[in-house]
Amino acid sequence: ENGFQCHLKSDSHMRQMALFGQNSEKIIGEYSRQFETTFLQHFRTAHRHTRMQASMLYNEFIADRHHVHMNSTKVSRIRAKPRLLACLLA
């Protein structure tokens, strides 16, 4: 078996999945808040007065290896946020 399959069967992964199953909305909500906070902070500090495509900004954001992964949030597409960003930063 490969490493990923071994990981999926590990005790620690199984415990994490059990916890997630009990509180999935709470966990996803927290990751969503973390993602939005850190993404907006990156935008404010790196490109406050710069116009750029959301996908380019996201690619910059994910270069940080400690970023919150978007697939662990309620956010489905980064392109859905630009108008919200403009309002929040105005």
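Of the 90 residues of the protein, 23% count as buried. The model is a predicted one. The accessible surface amounts to about 7100 Å².

The secondary structure consists of 5 helices and 0 strands. Along the sequence, the pattern reads α-α-α-α-α. Among contacts in the protein with a separation of 6 or more, 51% join residues 24 or more positions apart.

One helix pair was examined in detail. Two packed helices are described by the angle between their axes and the distance between the axes. Helix H3 spans residues 24–46, and helix H4 spans residues 54–61. Their axes come within 10 Å and cross at roughly 105°. Angles of 65 to 115 degrees count as roughly perpendicular. H3 and H4 are therefore roughly perpendicular to each other. On the H3 side, the contact is made by Phe35, Thr38, Phe39, His42, Phe43 and Ala46. H4 contributes Leu57, Tyr58, Glu60 and Phe61. By class, the residues of this contact comprise 7 nonpolar, 2 polar and 1 charged.

The nonpolar core was considered next. In soluble globular proteins, nonpolar side chains tend to be buried together. The largest nonpolar core of this model has 8 residues. Its members are Phe35, Phe39, Phe43, Leu57, Tyr58, Phe61, Val68 and Met70. H3 and H4 are the elements that give two or more residues to this core. Phe35, Phe39 and Phe43 of H3 also take part in the contact with H4, as do Leu57, Tyr58 and Phe61 from the H4 side.

Methods
Residues are numbered from 1 along each chain as its sequence is written. This is a predicted model: local features need pLDDT of at least 70, side-chain atom pairs count only at pLDDT 80 or more; totals for chains, interfaces and linings use all residues. Side-chain values use heavy atoms; hydrogens and water are left out. Axes are lines fitted to C-alpha atoms, for helices over the stretch in contact, and angles run from 0 to 180 degrees between N-to-C directions. Helices (H or I, at least four residues) and strands (E, at least two) are DSSP runs, numbered from the N terminus. Angles under 35 degrees count as roughly parallel, over 145 as roughly antiparallel, 65 to 115 as roughly perpendicular and the rest as oblique. Contact means heavy atoms within 4.5 Å. Ala, Val, Leu, Ile, Met, Phe, Trp, Tyr, Cys and Pro count as nonpolar, Asp, Glu, Lys and Arg as charged, and the others, Gly among them, as polar. A nonpolar core is a set of buried Ala, Val, Leu, Ile, Met, Phe, Trp, Tyr and Cys residues joined through side-chain atoms within 4.5 Å. Buried means under 20% relative accessible area, exposed over 50%, partly exposed in between (1.4 Å probe, protein chains only). Accessible areas come from the Shrake-Rupley method with a 1.4 Å probe; for residues, only the protein chains shown count as cover.
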